[in-house]
Amino acid sequence: MAKDFDVVKYFLQLLDEDKDLSSGIAAIRTLLMILEKKQFGTIHILHTTMREAVAAMRNTDLSIAAIVSAGELFCRFITLSLDDKHMEECRQIMLNRGKIFLTKLLNSRQVIAQQAQRFITDGCRILTHSRSRVVLKALITASQNKKSFHVYVTQGGTGNSGEEMVKDLHAAGIDCTLILDSATGYVMESVDFVLVGAEAVVESGGIINRIGTYTMGLCAREMKKPFYVLAESFKFSRLYPLNQRDLPNEYKYSRKHLNDVSKVHPLVDYTPPVYITLLFTDLGRLTPSAVSDELIKLYM
């Protein structure tokens, strides 16, 4: 690969070409392309190049949570146990590992969708927040399995992500209703459970997700409704926020506002594990307390 390879341009192009591609998967595909085309003299240079690439991608105006966790896990996985090997041999091993890693993650939505099927039953009423690709996959899979249910979808704050979710659900023949974010409490008493995605799963077993998820978790707990999270394992992050203020600003705000966040609202919030019933992941169904053990396994 030429020295003038534009990491950010390639990364954004992947996302532009496939609207269903998550930023974490796009980051991994970008790192894999660098690994495939570029020559490295030492493992140290490779690590440095990968870190610089992740830093460049996280400097875009996208949510950085999945970019950071996916990049860290990818680099950790491909560089395990490479002592006493020539650099070219190491590169080939890392390429093979990287492709295996990507293939596994590309299948993760389907695995998670299957995990959730026993909970999506005929006649149930589901509340979800904004648009989540993995939640959409789970709902479409349930519909294809001849289950009939109704989904309430919040608008999801700024943008039209909730409207896009409703459009996707309608296209799949699934009954759904678009509601205001402020109607969460009103609707909560009539639903059977909440089903949301996540931009990151943190060490405590809590999640970082689109703003309003925490409010939904509070309402669900107060009304004793199960709160389920669907999240791919590449979103498992070594963060441990204690509250909303403890979440780094670069996770909460767009890049253009980081110099002064006093007059802008955050894009994401932190939902503590106490509000989460179960997490459905490609590693299996997990209680929030089990997340830290899985993180240790992933990063060992």
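Biologist: By class, how many residues in the lining of the largest pocket are nonpolar, polar and charged?

Modeller: Happy to start there. Rolling a probe the size of a water molecule over the atoms shows where empty space is left. This is a predicted model, and in it the lining of the largest pocket has 17 polar, 15 charged and 13 nonpolar residues.

Biologist: What volume does the largest pocket have, and which residues lie nearest its centre?

Modeller: Its volume is about 1,300 Å³. The lining is made up of 45 residues, and those nearest the centre are Leu62, Ser63, Arg133, Glu199 and Arg210. As for elements, two or more lining residues come from each of α1 (7–17), α7 (133–144), α8 (161–171), β6 (207–210) and α11 (249–252).

Biologist: How is the chain divided into domains, and which of them does the pocket lining draw on?

Modeller: There is a domain 1, spanning 7–109, and a domain 2, spanning 112–299. Each of the two gives at least three residues to the lining of the largest pocket.

Biologist: Now the interface, please. How far apart are the C-alpha centres of the two domains, and how many residues are in contact?

Modeller: The C-alpha centres of domain 1 and domain 2 are 26 Å apart. On the domain 1 side 24 residues make contact, and they meet 24 residues of domain 2.

Biologist: What area is buried between domain 1 and domain 2, and which residues of domain 1 lose the most?

Modeller: About 2,100 Å² is buried between them, with carbon and sulfur atoms giving 52% of that area. In domain 1, the residues losing the most area to domain 2 are Leu73, Ser108 and Arg109, which together account for 29% of what that side buries.

Biologist: Let's turn to charges. How many salt bridges does the structure hold, and how many cross the interface of domain 1 and domain 2?

Modeller: Here is the general idea: side chains of opposite charge can pair when their charged atoms come close. In this model there are 10 salt bridges, and 5 are found across the interface of domain 1 and domain 2.

Biologist: Which residues do Arg58 and Arg109 pair with?

Modeller: Arg58 pairs with Glu250, with 2.8 Å between the closest N and O atoms. Arg109 forms a salt bridge with Glu232, and there the closest N and O atoms are 3.7 Å apart.

Terms used
Residues are numbered from 1 along each chain as its sequence is written. This is a predicted model: local features need pLDDT of at least 70, side-chain atom pairs count only at pLDDT 80 or more; totals for chains, interfaces and linings use all residues. Side-chain values use heavy atoms; hydrogens and water are left out. On a 1 Å grid over the protein atoms alone, a cavity is a set of points where a 1.4 Å probe fits but cannot get out, and a pocket is an open set with protein on both sides within 12 Å along at least five of seven lines; lining residues have an atom within 4 Å of a point. Grid points are joined across faces, edges and corners, and a volume is the space filled by probe spheres set on the points. Helices (H or I, at least four residues) and strands (E, at least two) are DSSP runs, numbered from the N terminus. Ala, Val, Leu, Ile, Met, Phe, Trp, Tyr, Cys and Pro count as nonpolar, Asp, Glu, Lys and Arg as charged, and the others, Gly among them, as polar. Domain bounds come from an automatic or database domain assignment. Contact means heavy atoms within 4.5 Å. Buried area is the accessible area (1.4 Å probe) that two parts lose on being put together, summed over both. A salt bridge is a side-chain nitrogen of Lys or Arg within 4 Å of a carboxyl oxygen of Asp or Glu.
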